[in-house]
Structures are given as structure tokens and as C-alpha cells.
Amino acid sequence: MPASAPMKTRDGRLTYEAAGDPASPPLVFLHGIGGAARAWRGQLDFFKGSYRTIAWDMPGYGGSAPLANYSIAALADALHDFLQQVGATRPVLVGHSIGGMIVQQLLAKNPRIAAAVVLAQTSPAFGKPDGDWQKAFIAARLGPLDRGETLVSLAPSLVKELVGDDPDARGMDLARDCMACVPEATYRVVMLALMGFDLRSALESIAVPTLVLSGSKDNNAPAPMMAKMATYVSGSTYVELEGVGHLANLERPGEFNAVLSDFLSASHEISGSES
């Protein structure tokens with residue numbers, strides 16, 4: 001897949017990759033905790049004929065400046081600013097994992113900011129900070145770093161744990177590279193930003209076409225949980241990719257692109273009939 005030239009926002013604080021005609025409708029991709037803008041290159045290239053495809057480096061990733069304080073709300077504010085700086089008016093937002101949480105937070109404050117959204121392998125809640133499951137999750141992710149491991153050394157095993165059956169080899173190379181390049185300080189603060197996130201009560205307020213996308217082998221955002229999540233979003237489309245783990249766009253890029261393409265066509269028809 002071709003490399004995209006890194007770009008910077010006008011204020012120089014955030015880096016991103018983009019392709020396609022700047023006059024085309026914006027399609028914006030938001031990566032997960034172990035990702036980067038370049039994790040979406042397969043999608044940037046695939047959809048660039050019809051959209052201005054854009055993938056950000058979340059604050060603290062790639063060449064993007066870190067935030068003073070991290071929370072899902074602060075990341076959503078950063079996304080709002082990013083969309084304004086790159087001129088992405090009424091975009092389709094594709095949020096993976098924590099990227100999907102950021103999209104939900106953005107919609108809760110700005111219900112009509114997007115033309116449509118994709119909540120990919122994400123959750124409406126992480127739960128209470130003092131919960132046993134939550135504490136165990138954070139300990140499993142940060143414990144090895146506390147014991148002297150690095151994300152470079154951990155990347156192969158972390159990625160292997162995330163994926164399902166027969167993942168794409170090139171996608172896995174990219175996934176490992178993205179994970180290995182996340183600054184440890186960023187990984188720690190973004191992981192802790194999950195604590196206490198809970199927007200379950202806001203799902204019923206989502207008022208734009210929504211695709212809820214899961215993988216049947218995803219242990220981080222289990223398919224049954226995501227199927228239930230979809231029932232609270234009025235008129236949403238739910239798709240479960242069989243045999244796929246947590247990194248759908250990298251594991252099965254062809255299937256991911258096909259599902260997203262179908263949703264974009266359907267959501268365009270919906271928005272066209274409502275205008």
C-alpha cells in the first residue's frame with residue numbers, strides 16, 4: 001500500500017495523512033491506542049476516488065503534540081479542533097477502539113457535526129475506575145512496561161493477542177510497526193484515559209446514520225456487547241466480521257473496505273432523501 005506524505009494542521013500541533021480531492025466529502029479515520037494515522041493507508045487509498053480521506057495521529061502519536069491532560073473529553077475537543085483546521089465539514093467519522101469512544105464523546109456535545117459515523121470495535125463504556133475487571137485490564141497492559149519491557153519488545157505479542165484467524169500478513173507488519181512506535185508515555189496516559197468512560201446513556205441520542213462493526217474473535221470489544229450497543233442507536237446498521245479480532249481494517253482490509261463502502265452508499269442515500 002502506498003505511503004502518504006505526512007501533513008500538519010495549520011497550528012502545527014497535529015499530524016495526519018490524507019488522499020483524494022480536497023473538494024470531495026471528508027472521510028476521517030481515527031486509530032486505536034496502539035495505532036497511528038498510517039494504520040489506515042489501505043482505506044485512504046481505497047476510498048480516495050470518492051472522498052477526501054484523512055487519518056489523524058491522535059495527540060501524542062506520530063508528529064502530533066501531546067495534551068497537557070488526557071481524557072476522552074479532551075481528546076474529543078482535540079478532534080473537534082482538528083476537523084476545523086483541516087476543513088472537514090460534516091465528515092463521515094470512522095472511529096476504531098478508543099477512536100470510537102472519542103467519536104461518541106464528540107457527538108454527545110455536537111450531535112450534528114458528522115454526516116455519518118462508524119463505531120468500529122469499540123464500546124460505549126469502560127466502567128468504574130475501581131472495578132476489578134478495569135484494574136486487571138490496565139495492569140495487564142501496563143504491568144510489562146513497569147517491569148522493564150518496551151513497546152518495541154511487546155509489539156509482536158500484543159498484536160498477536162489482538163487478532164483473529166488468518167490475518168493479512170502486510171496488515172500485521174503494519175500493526176506491529178505502529179504499536180512499536182507509540183511513545184511509552186503516550187501509551188500510558190491514553191490507556192488511563194479509558195478509566196471512568198461511560199456514554200451508554202448517550203447512545204439513544206445519536207441521530208446520524210451509524211455503522212456498528214464488530215469482529216467475532218475480538219476479546220477487547222466482544223461482538224455480543226457491540227450487538228447490544230447497536231440496539232440502542234436508532235436505525236443503526238450492525239455488522240459482525242466472522243473470524244476477525246480487534247484490528248479489522250488490518251486483518252481483513254478487503255472485507256472491512258467492502259462493509260464500509262456498502263454503509264457509505266446507504267448512508268448517502270439516507271442523507272440525500274432527508275435533504
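**View 1. Strands β7 and β8 pair in the parallel sense.** This is a predicted model. Strand β7 covers residues 210-215, and five bridges link β7 to β8. Glycine 215 faces leucine 241, a residue of β8.

**View 2. An open sheet is built from eight strands.** The strand order is β1-β2-β4-β3-β5-β6-β7-β8, with mixed pairing. Strands β1 (7-8) and β8 (237-241) stand at the edges. Each has a single partner strand, so one side of each lacks a neighbour in the sheet.

**View 3. Helix α8 lies across β6, β7 and β8.** The helix spans residues 223-231. Its direction is at about 165° to β7.

**View 4. Helix α3 lies across β3, β4, β5 and β6.** Residues 98-109 form α3. Nine of the 12 residues of α3 are buried, so the helix is largely enclosed by the rest of the structure. Among them are Ile98, Gly99, Gly100, Met101 and Gln104. At 1.5 Å a residue, α3 should span 16 Å. Its end C-alpha atoms lie 17 Å apart, which agrees.

**View 5. The largest nonpolar core has 69 residues.** Trp56, Phe82, Leu83, Ile98 and Tyr187 have the most contacts inside this core. Helix α2 (residues 72-85) gives the most to the core, with seven residues. A second core is separate and has 23 residues. Its members include Ala37, Leu211, Leu213 and Val244.

How values were computed. Residues are numbered from 1 along each chain as its sequence is written. This is a predicted model: local features need pLDDT of at least 70, side-chain atom pairs count only at pLDDT 80 or more; totals for chains, interfaces and linings use all residues. Side-chain values use heavy atoms; hydrogens and water are left out. A nonpolar core is a set of buried Ala, Val, Leu, Ile, Met, Phe, Trp, Tyr and Cys residues joined through side-chain atoms within 4.5 Å. Buried means under 20% relative accessible area, exposed over 50%, partly exposed in between (1.4 Å probe, protein chains only). Helices (H or I, at least four residues) and strands (E, at least two) are DSSP runs, numbered from the N terminus. Two strands pair if DSSP finds at least two bridges between them. Contact means heavy atoms within 4.5 Å. Axes are lines fitted to C-alpha atoms, for helices over the stretch in contact, and angles run from 0 to 180 degrees between N-to-C directions. The expected span of a helix is 1.5 Å times one less than its number of residues.
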